[in-house]
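This text walks through one structure, from its helices to its core and then to its aromatic rings. Please keep the sequence and the model in view while reading.

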Amino acid sequence: AQLQVVLFKPERFGDETRSVADELIKMHTVVLNLENTSKDVSRRILDFLSGVAYANNGKIKRVSTATFIITDDLMDEIESSSMYL
């Protein structure tokens, strides 16, 4: 299996948020940068994507103040088996 990582920087809730969900459904890892997103919109996006991640057995992890990585169980297995580079 080939690992694919996609970066998104949504500024509002809408089509781009649905595009993030589509990538998660394809089992791709998503880096979500919310630095330019208002606090209320960021919360709404994270709530929505948390549901999508949960439905796909995935997780959201904060990597900085306004940046998150959304992964599926496969990524966690790779990390825990020391194959993660």
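A helix here is a DSSP run of H or I with at least four residues, and helices are numbered from the N terminus. The model is a predicted one.

Begin with helix α1, which covers residues 15–25. Its buried residues are Thr-17, Val-20, Ala-21, Glu-23 and Leu-24. Viewed down the axis of α1, these buried residues fall within an arc of 160°, so they line one face of the helix. An α-helix has 3.6 residues a turn, so residues three or four places apart point the same way. Asp-15 and Ile-25, on the other side of α1, are exposed. After α1 comes Met-27, which has a positive phi, near 70°.

What do the buried residues of α1 pack against? Their partners are α2 and the strands β1 (5–8), β2 (29–33) and β4 (67–71).

These elements meet again in the largest nonpolar core, which has 16 residues. Val-20, Leu-24, Leu-32, Leu-34, Leu-49 and Ile-70 have the most contacts inside this core. At least two core residues come from each of β1, α1, β2, α2 and β4. The largest share, five residues, is supplied by α2.

Leu-49 shows how the parts of the chain come together. Apart from neighbours within four places in sequence, Leu-49 is in contact with Thr-17, Val-20, Ala-21 and Leu-24, among others. Its contacts also include Leu-32, Ile-60 and Ile-70.

Helix α2 spans residues 39–55, and Ala-55 lies in it. Is Ala-55 buried or exposed? Its relative accessible area is 61%, and exposed means over 50%, so Ala-55 is exposed. Ala-55 and Leu-24 are 31 residues apart in sequence, while their C-alpha atoms are 9.8 Å apart in space.

The last stop is the aromatic rings. One aromatic pair is found in a search of the whole structure. The ring centres of Phe-13 and Phe-48 are 5.5 Å apart and the ring planes stand at 85°, so the pair is edge-to-face. This pair links distant parts of the chain, 35 residues apart: Phe-13 is in the loop between β1 and α1, and Phe-48 is in helix α2. Phe-13 is partly exposed, with a relative accessible area of 27%. Phe-48 also counts as partly exposed, at 32% relative accessibility. The charged end of Arg-44 sits over the ring of Phe-13, 4.0 Å from the centre of that ring.

Definitions and conventions: Residues numbered from 1 in each chain as written. Predicted model: local features only at pLDDT ≥ 70, side-chain atom pairs only at ≥ 80, totals over all residues. Heavy atoms only, no water. Buried < 20%, exposed > 50% of the residue type's maximum accessible area, 1.4 Å probe, protein only. Arc of directions from axis to C-beta. Contact = heavy atoms within 4.5 Å. Core = buried A, V, L, I, M, F, W, Y, C linked by side-chain atoms within 4.5 Å. Phe/Tyr/Trp six-rings, centres within 6.5 Å; stacked < 30°, edge-to-face > 60°. Lys NZ or Arg CZ within 6 Å of the ring centre and 35° of its normal.
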